[in-house]
2 protein chains.
Amino acid sequence: MRDTHVTMAHGGGGRAMKELIEAVFTSVFQPESSEDQARLMAAALQEPGARLAFTTDSFVVTPLEFPGGDIGKLAVCGTVNDLAVGGARPLWLSAAFIIEEGCEIALLRRIAATMAAEAQSAGVRIVTGDTKVVERGKGDGVFVTTSGIGVIPPGCDIGAAHIQPGDAVIVNGVLGDHGATILAARGDLALSTDIQSDCASLGALMQAALAAAPLHAARDCTRGGLASALNELATEAGVAVEIDEALLPLRPEVVGVCEILGLDPLYLANEGRLVLFCPGASAPAILEAMRSLPEGEGAVVIGQVKPGPAGQVSMRTRFGGARRVDMLVGEQLPRIC
Amino acid sequence: MRDTHVTMAHGGGGRAMKELIEAVFTSVFQPESSEDQARLMAAALQEPGARLAFTTDSFVVTPLEFPGGDIGKLAVCGTVNDLAVGGARPLWLSAAFIIEEGCEIALLRRIAATMAAEAQSAGVRIVTGDTKVVERGKGDGVFVTTSGIGVIPPGCDIGAAHIQPGDAVIVNGVLGDHGATILAARGDLALSTDIQSDCASLGALMQAALAAAPLHAARDCTRGGLASALNELATEAGVAVEIDEALLPLRPEVVGVCEILGLDPLYLANEGRLVLFCPGASAPAILEAMRSLPEGEGAVVIGQVKPGPAGQVSMRTRFGGARRVDMLVGEQLPRIC
């Protein structure tokens, strides 16, 4: 392929499009057939009682490349994680690209390469895809939409509805690295940090936790951060959640960035962090299982579930007080994922 | 919901986003749970030998609403059709929206309503979704990405590899209505026509054809039109395809628009048209089955498969000559779907 930049012809359905797709995407993702739909079979799907998990996310992060990842890694991890936190084993992904005219083809190649590498390490295959091209000024480089299919094995049933008073609340590592990284990478704040995005696939971590001891629910803490995930879960479960400021794993650099900018790390986005609810008795075994994997090294209990008031999330501060941790109002950081 | 237009806060992961999603999308699509992944079970999936079909498409059509449909109808039909032409019964869709700041919420509501209605009539459910917001000038109203899952029943195996010399080539109706409609709807050509997009879900039509007689392959004729679909299939199958100009179903208005603009209707996009390959002996039964449904009323044989030269598509003209029908070079009409 000799073109260096995407033109409108690359979206036209003809020869140029075919070339772009073959040179940049299918040569890297290697789908099994040239049909427009992947045809898949998995023994796991046919086990009686197995359920299929299905999820989708669009990614519009800016900048497209940042320390610790790029939009492609984000798109694979994000969709893998949405499947994983529901107890599913992620199997197959689709990838759809909306490309702005003028986008550098070398950039698309780098993104496709990251996606293929991340998919391989997460044990999933990118089996089908699509490309569209929009005129200059009608998009922003490239947007990526991934959808994912996984299998929830028979007997696995986790979710907000299972959360109980007394449950331990666990996170798998320091909070806010992704949000702080994107902030710093945008450049206009003249922040210089060594923080990298936490962007990671959490399929193996969830499987390890599920195998270790009974657990009730998990959710990835992306847009809106830990605070938003806790609020959603507390509302859906009709319970209260109390976290302890002294137990929160926070990197001093992230706290620093937040102090300068007046942000709250509880609302900073993460892309490789989840919050997990389990019976108090399960916590030691689950923590041990999580800590045995690099993406769970920093796993800690940060709080517990109370009977009520339903939907309320609060934090015991370092000074012994308590403050309400509400749902994010307004926007903290646009286009974080 | 009191906002009338989308702001960046609607993409922030907090309260405003939750409101937008509930008011505009989940209240209409009614997914079964508030978890971020749909959890699905279908008896059809557990039949021994059943395969899962998985596909994705982004839609960036402009204008967003046009005679005969809108971007939402297109997104449902396009993904249903990608599943259907592979022999799958479409079951579940995901829908991801990339919304430009300033987009009218009433427009989003209309799009969601069309999607829900089309999904219902096609017999599929929209089970999971996502919304992102990008700044004004970094998107174009709204882009929609749908992914779809269907089940290919045991024993059903169609695709380009099965096409044989002697096969009849069938289309299900007049060609080019969608392309001509979008052209006219863009306004700057001052064309006034009564043509409507052919946008339609073809799941029932494919099932009827499959039940009627053995068939080898089918493909929807979208971007790049009939010519591109035939070229792809001829190349993948290693055969030649010869179509007959006198047999092509063309609406005089579409021919007129093409003549004015110097376009070729063979390359105009369709969104409710497929081309189907079957043994000559199957053709009468398949035509009869297709014609019994509104979306197949205009079904006709337009040509047949020859042993070679591999990958070559040609057309016998009305004047007894022959011309090569090549893959589209360059772009004919940007952002048609």
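Helix α1 (residues 15-29) of chain A packs against helix α4 (residues 105-122) of chain A at an angle of about 15 degrees, and their axes lie 9 Å apart. Angles under 35 degrees count as roughly parallel, so α1(A) and α4(A) are roughly parallel to each other. The model is predicted. Chain B can be laid on chain A with an RMSD of 0.0 Å.

**α1(A) with α4(A)**
- The crossing of α1(A) past α4(A) is right-handed.
- From α1(A), the contact takes in A:Leu20, A:Ala23, A:Val24, A:Phe25, A:Val28 and A:Phe29.
- From α4(A) come A:Ile105, A:Leu108, A:Arg109, A:Ala112, A:Ala113, A:Met115 and A:Ala116.
- By class, this contact of α1(A) with α4(A) has 12 nonpolar residues, 1 charged residue and no polar ones.

**α6(A) with α9(A)**
- Helix α6 (residues 203-212) of chain A and helix α9 (residues 283-291) of chain A pack at about 150 degrees, with axes 8 Å apart.
- Angles over 145 degrees count as roughly antiparallel, so α6(A) and α9(A) are roughly antiparallel to each other.
- α6(A) passes α9(A) in a right-handed crossing.
- A:Leu205, A:Ala208, A:Ala209 and A:Ala212 of α6(A) meet A:Ala285, A:Ile286, A:Ala289 and A:Met290 of α9(A).
- The contact of α6(A) with α9(A) has 8 nonpolar residues, with no polar and no charged residues.

**Chains A and B**
- The same surface serves both copies, as 100% of the contact residues of chain B recur in chain A.

Notes:
Residues numbered from 1 in each chain as written. Chains lettered and ligands numbered in written order. Predicted model: local features only at pLDDT ≥ 70, side-chain atom pairs only at ≥ 80, totals over all residues. Heavy atoms only, no water. Axes fitted to C-alpha atoms, helices over the stretch in contact; angles between N-to-C directions. Helix = DSSP H or I, 4+ residues; strand = E, 2+ residues; numbered from the N terminus. Parallel < 35°, antiparallel > 145°, perpendicular 65-115°, else oblique. Left-handed = near helix turned anticlockwise from the far one by under 90°. Contact = heavy atoms within 4.5 Å. Nonpolar A, V, L, I, M, F, W, Y, C, P; charged D, E, K, R; others polar. Least-squares fit on C-alpha atoms with pLDDT ≥ 70 in both.
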